[in-house]
Amino acid sequence: MEMPRRPINYVPAKSGEILKLGHITCRVMEDGSRTDNRIGSAEFTVPAGTAGPPAHWHEMHDETFLVTQGTIRFHAPDGQIVDAAVGDYVTVPIRAPHTFSNPFDVEAKFFNTYTPAFYIDYFRILAEVSKSDEKMSKEKNLEVMARFATMPAKPMLEELAKK
């Protein structure tokens, strides 16, 4: 078999497609266009005191999170909380209800993957409909999530609203 000559993709630290999701910044590093949509990835910058997206689950893709700065709080059903610090890794398989937040006093970052990669378009659409928003809108978030087989985790939403 002849060796293939498919190019690799290099994304320098200060490049990538930058999306503003209210006050959260998403830097797309792989949108699936070079992986036949098998994987997508992005880096998120989450300011201190950020509530994060509404609790939800995905019907069509898995996600992973690698915390690269600060601490990200992951929320799961029944009040389960995981405070993931630098170097900690969280896998969210299909149909696992979750959300994240940064209730701490310092900015946090994480590297996020999606398989398949189509979910990157969720962030692009959310950025477009959120252009004038200072904070990420729960209502806009849920509306755009619905376009990507992402369901609201209603019991978790109710539980988190009480806090």
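Two strands are said to pair if DSSP finds at least two bridges between them. Strands themselves are DSSP runs (E, at least two residues; helices are H or I, at least four), numbered from the N terminus. The model is a predicted one, where local features need pLDDT of at least 70, side-chain atom pairs count only at pLDDT 80 or more, and totals for chains, interfaces and linings use all residues. Residues are numbered from 1 along each chain as its sequence is written, and side-chain values use heavy atoms, with hydrogens and water left out.

Strand S3 is a handy place to start. S3 covers residues 40-46 and pairs with S10 in the antiparallel sense, over seven bridges. Within that pairing, Glu43 has Phe111 of S10 as its bridge partner. S3 also pairs with strand S2 (residues 24-30), again in the antiparallel sense, this time over five bridges, and here Thr25 sits opposite Thr45 of S3. As for burial (under 20% relative accessible area; exposed is over 50%, partly exposed in between, with a 1.4 Å probe and protein chains only), seven of the seven residues of S3 are buried, so the strand is largely enclosed by the rest of the structure. Both of its faces are covered: Ser41, Glu43 and Thr45 are buried on one side, and Gly40, Ala42, Phe44 and Val46 on the other.

Over in S10 (residues 108-115) sits Thr113, which counts as buried because its relative accessible area is 12%. Contact here means heavy atoms within 4.5 Å. Setting aside residues up to four places away in sequence, Thr113 touches Ile39, Gly40 and Ser41, along with Asp62, Glu63 and Thr64. Asp62 is 51 residues from Thr113 in sequence, yet their C-alpha atoms are 8.0 Å apart in space.

His58 counts as buried because its relative accessibility is 1%. Its side chain makes a polar contact of 3.0 Å with that of Thr150 and another of 3.4 Å with that of His56. Leaving out neighbours within four places in sequence, the contacts of His58 are Glu63, Ile94, Arg95, His98, Tyr119, Ala149 and Thr150. Glu63 turns up in the contact lists of both His58 and Thr113.

Terms used
A polar contact is a pair of N or O atoms within 3.5 Å; within protein, one must be able to donate a hydrogen and the other to accept it, and residues adjacent in sequence count only if both atoms are side-chain atoms.
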